[in-house]
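Take a look at the sequence and the model below. Then follow this short tour, one topic at a time.

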Amino acid sequence: MDIDWAALGEVFGVSLVATVALVGVFTLGIIGAGRKPSSGGTPVLARTGAYACFGVCGLAVIYGIYLIAA
Amino acid sequence: MEHITLLIGIVIVTALVFDFTNGFHDTANAMATTISTGAMKPKAAVAMSAVLNLVGAFVSVEVAKTISSGLIDEGSGIKPEVIFAALVGAILWNMLTWLAGLPSSSSHALMGGLLGATVASVGFGAVNGDVVVMKVLIPALAAPLVAGLAALFATRLSYRLTRDTDERQTAQGYRWGQITSAALVSLAHGTNDAQKTMGVITLALISGGALGADADPPLWVIASAGLAIALGTYLGGWRIIRTMGKGITDIQPPQGFAAQTSAATTILASSHIGFSLSTTHVCSGAVMGAGVGRKGGVVRWSTAGRMIVGWGLTVPAAGLVAAVSALVAEQGNLGVTAIAVFLVASSGGIWLASRRQPVDHTNVNDMPEAETGSTSGADPDEQAPGVVTAAVQAVSPPPAAGPRGGDGEGLPEAEADAAAVTAEPAEGGDISAEPATAAATGHTASEPTETEQADPDATALRDSVPRQYNSVGAASRSSAGSSTSTASSVS
């Protein structure tokens with residue numbers, strides 16, 4: 001019986017880290033984009049941060065499409 | 001194309017039919033939570049998924065050369081009869097699980113069919129036991145765990161990060177994120193699963209001598225496989241979508257996003273690293289994980305348990321039908337015809353049975369019946385009177401005033417038995433499928449409305465609350481969701 005534990009572990013690790021990271025980053029983006037000026041902080045900074053977060057997620061999606069097509 | 005014999009033609013058509021069932025069976029994987037969180041309207045969601053499945057079929061040039069992934073010894077060449085029998089087993093299992101609203105892996109059904117047909121045709125010697133464990137058993141156990149844990153932590157994290165934020169304000173963002181993840185799942189599905197069908201058709205063409213030994217699939221094979229899976233997806237396996245989107249847990253937008261993202265990353269990671277996981281298992285696991293991850297989220301483990309029983313039965317059940325089909329099909333043209341007629345008759349019977357309580361895009365977000373009624377006690381009752389009665393009961397209307405849970409509850413076991421019963425006297429298969437069909441037809445016209453009214457507690461709730469569910473905004477959506485969940489956990 002030759003079970004490829006390494007590959008299984010790798011799938012496990014990559015899936016877990018990538019999912020939590022992406023969901024976290026996207027959530028930060030949503031919070032940043034939705035923050036109203038009255039709630040403190042500089043709105044410009046929040047907006048820029050939000051766009052950066054969405055950018056990271058966009059890159060992840062493109063990488064995903066690349067993986068599917070490759 | 002003069003090389004294409006009648007048998008090869010039948011195999012190609014059957015392969016496309018399998019592709020079609022694969023499409024509507026797996027719509028739920030990408031779109032169930034997208035539909036239940038209201039991120040997309042049901043019709044729009046399946047349309048998008050269908051287009052992406054079609055695109056996915058053309059996207060990748062890498063073709064699965066071995067359809068069985070080494071499960072069985074293909075060295076001596078697989079006979080077209082064996083491929084045909086395998087497809088019959090896989091299609092019937094897909095139809096039965098669709099009728100029961102159970103998400104189950106189409107790949108496993110195909111693998112089970114191939115295993116059964118090969119064992120019947122060649123013997124156990126042609127099966128690589130190690131590979132079965134490696135490609136079927138371990139992934140089936142690992143997939144829901146991996147995706148489930150990822151979705152769980154992601155859900156926890158997103159609720160923690162947004163605890164100071166207004167939920168309505170973030171919901172729209174999460175819906176967009178979810179649509180994107182679902183699109184990736186659809187695309188990956190089209191690429192993976194349409195290729196399986198292309199592989200089957202190509203293999204059949206090669207075995208018939210219409211193509212050279214190492215030929216790539218011709219364009220018409222790619223196009224027809226892509227179209228079949230897209231059509232199936234667009235038809236929408238609404239029963240399975242309902243189970244996955246509503247039956248397992250009540251999904252809120254952040255959960256839907258976490259679940260769908262977990263599914264997308266797990267599928268991509270696994271296929272990239274080369275440890276293939278079943279899309280269905282991944283997505284179901286992700287939904288369960290997201291359900292556990294939200295504070296106050298209720299996962300209906302009875303539904304989850306039924307799904308897992310279904311997964312366990314997939315390979316043996318599809319294998320059994322395929323084995324019997326293979327034995328009959330090898331008797332020559334008459335045998336192949338008998339199996340083809342059997343397939344058409346039983347699929348038609350299952351479709352008629354499904355018309356008793358149709359589930360479509362209008363009621364897909366209602367609660368599954370099995371969850372609104374009592375969910376206990378149906379099982380032993382259905383097992384006791386013998387398999388034929390059980391099979392008929394499983395497809396016949398439940399008592400009007402009784403719990404509607406009886407319908408879905410005993411299905412996995414009853415199905416396996418039904419499959420066995422209908423398959424055993426192989427040529428007589430149509431006869432034993434007949435009672436079910438008759439029972440179903442008898443009730444098609446009048447039954448749905450009657451049952452709707454006859455089941456006061458469950459139906460009243462389903463009609464009053466979730467009907468508006470589609471049209472009202474996000475705020476009432478969450479409250480409607482929680483009221484349905486309370487009702488079901490109380491009963």
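This is a predicted model: local features need pLDDT of at least 70, side-chain atom pairs count only at pLDDT 80 or more; totals for chains, interfaces and linings use all residues.

Residues are numbered from 1 along each chain as its sequence is written, chains are lettered from A and ligands numbered from 1 in the order in which they are written, and side-chain values use heavy atoms, with hydrogens and water left out.

In the model, residues 12-32 of chain A are 100% helix and 0% strand, and their end C-alpha atoms lie 30 Å apart. Residues 44-69 of chain A are also 100% helix and 0% strand, with 37 Å between the end C-alpha atoms. Helices (H or I, at least four residues) and strands (E, at least two) are DSSP runs, numbered from the N terminus.

Next, the cysteines. The structure holds zero disulfides over all chains; a disulfide is a pair of cysteine sulfur atoms within 2.5 Å. Cys53(A) is buried, at 15% relative accessible area. Cys57(A) is buried too, at 11%. Buried means under 20% relative accessible area, exposed over 50%, and partly exposed in between (1.4 Å probe, protein chains only).

Now see how the chains meet. In chain B, 41 residues are in contact (heavy atoms within 4.5 Å) with 34 residues of chain A. Together the chains bury about 3,100 Å², 84% of it on carbon and sulfur atoms. Buried area is the accessible area (1.4 Å probe) that two parts lose on being put together, summed over both. Zero salt bridges are found across this interface.

Look inside next. A nonpolar core is a set of buried Ala, Val, Leu, Ile, Met, Phe, Trp, Tyr and Cys residues joined through side-chain atoms within 4.5 Å. The largest one has 109 residues, and Leu87(B), Ile241(B) and Phe275(B) touch the most other members. Helix H3 (residues 80-99) of chain B gives the largest share, 15 residues. A second, separate core of nine residues includes Leu22(A), Ile30(A), Ala154(B) and Ala258(B).

Finish with the charged pairs. How many salt bridges are there over all chains? The search finds three. A salt bridge is a side-chain nitrogen of Lys or Arg within 4 Å of a carboxyl oxygen of Asp or Glu.

Glu330(B) pairs with Lys79(B), with the closest N and O atoms 2.9 Å apart. This pair links distant parts of the chain, 251 residues apart. Glu330(B) is partly exposed, at 29%, and Lys79(B) is partly exposed, at 40%.

Lys196(B) pairs with Asp193(B) at 3.3 Å. Both lie in helix H6 (residues 167-207) of chain B, three residues apart, about one turn of the helix. Lys196(B) is partly exposed, at 22%, but Asp193(B) is buried, at 3%.

Asp250(B) meets Arg300(B) at 3.3 Å, N to O. They sit in two loops, 50 residues apart. Both are buried.
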